[in-house]
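Biologist: Could you walk me through how to read helix packing, a sheet and aromatic pairs in a structure? I would like the general idea and then the case at hand.

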Amino acid sequence: MKSKQFDSILVCGWRNENVDINNQETRTEGKMPSLEQEVIFKKATFGMGCFWANDALFGAQPGVLRTRVGYAGGTTGNPVYKNIIGSESEGGSSHADSVPSTSGSNPRGDHTEVIEIDFDPNIISYRDLLKLFWDNHEYGLTTVIKRQYMSLILYHEEEQKRIAELDIEVEAGKRNEKLITEIAPAGPFYPAEDYHQKYRLQKHKWIMEELNISPDQLQTSQIAARLNGYLAGVGKLQDLEKDVKVLGIPEKIASFVKIQYLDNEGGSLYC
């Protein structure tokens, strides 16, 4: 029998302690009667530049249940952020620039910053997620960049591999260029440090406090994913207004998030 892993998901302060986080497993969301539902979900994993931006981009999409950022695609075990930063000669600039390099007994790793997404395939398809992937790279799809920020698709099933391989040919044809995106099977995923999770939301600690969202829950909370995206100006205003009602977001928070959304809409997500 397939073993199961369980975690908790926070929906506006309501917790569900029996949430299966394996691929294509079911979960019951929330404990309020209006929110209880069985959801079959799948995983998607992408590398496309600074993962702060990706966390916001995907978190605000209908059908995305939760997101977490981390490191994957490499060979070194238990990577930490400072160890995956490439040398300056490799090019690229992002939040890495302010972090001192490591050396000696703490060698650099070879992982990529990625976003891991749990999504409901009945609401948003893998191809829908890929469209966001192709259209929102920090460094583009043809620029050779250090492995930390490379274009990367890690597939969780053969169907995802098939779709990605077809899509990359279509996208290359549209651009009339060879794309540098690497497509590979998903291996171990290492969650990034807490301060990387839901970066935009963490700029407004008072929201987390009012919703009782702890640092650990930033990786498991659907409302955290949604607010993180809306605060960055991602998504649609009608979806924000719908989530305010469905997730029971308090008026004080909803009003503030709406202002931030309107101020940031259409702006760059990248550092």
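Modeller: We will take the sheet, then the helices, then the rings. This is a predicted model, in which local features need pLDDT of at least 70, side-chain atom pairs count only at pLDDT 80 or more, and totals for chains, interfaces and linings use all residues. Residues are numbered from 1 along each chain as its sequence is written, and side-chain values use heavy atoms, with hydrogens and water left out.

Biologist: What is the strand order in the open sheet of six strands?

Modeller: Helices (H or I, at least four residues) and strands (E, at least two) are DSSP runs, numbered from the N terminus, and two strands pair if DSSP finds at least two bridges between them. Here the order is β9-β8-β5-β7-β6-β10, with mixed pairing. β9 (182-185) and β10 (190-191) each have a single partner strand, so one side of each edge strand has no neighbour in the sheet. Inside, β5 (residues 42-48) and β8 (residues 151-155) run antiparallel over four bridges, and Phe46 has Ile153 of β8 as its bridge partner.

Biologist: How do I read two packed helices?

Modeller: Two packed helices are described by the angle between their axes and the distance between the axes. Axes are lines fitted to C-alpha atoms, for helices over the stretch in contact, with angles from 0 to 180 degrees between N-to-C directions. Contact means heavy atoms within 4.5 Å. The axes of α3 and α4 come within 11 Å and cross at roughly 40°. That makes the two helices oblique (under 35 degrees is roughly parallel, over 145 roughly antiparallel, 65 to 115 roughly perpendicular, the rest oblique). Residues in the contact include Leu130 and Trp134 of α3, and Ile163 and Ile168 of α4.

Biologist: Where does helix α4 (residues 158-175) lie?

Modeller: It lies across β5, β7, β8 and β9, at about 150° to β8.

Biologist: At what angle do the axes of α1 and α7 cross?

Modeller: For α1 (residues 51-59) and α7 (residues 222-231), the crossing is roughly 105°, with the axes coming within 7 Å. The two are therefore roughly perpendicular. Asp55, Ala56 and Gly59 of α1 meet Ala225, Arg226, Asn228 and Gly229 of α7.

Biologist: And how many aromatic pairs does a search of the whole structure find?

Modeller: A pair of aromatic rings is described by the distance of the centres and the angle of the planes. Rings of Phe, Tyr and Trp (its six-membered ring) pair if their centres lie within 6.5 Å; planes under 30 degrees apart count as stacked, over 60 as edge-to-face and the rest as tilted. The search finds nine pairs. One of them, Tyr139 with Tyr149, is tilted, at 5.8 Å centre to centre and 45° between the planes.
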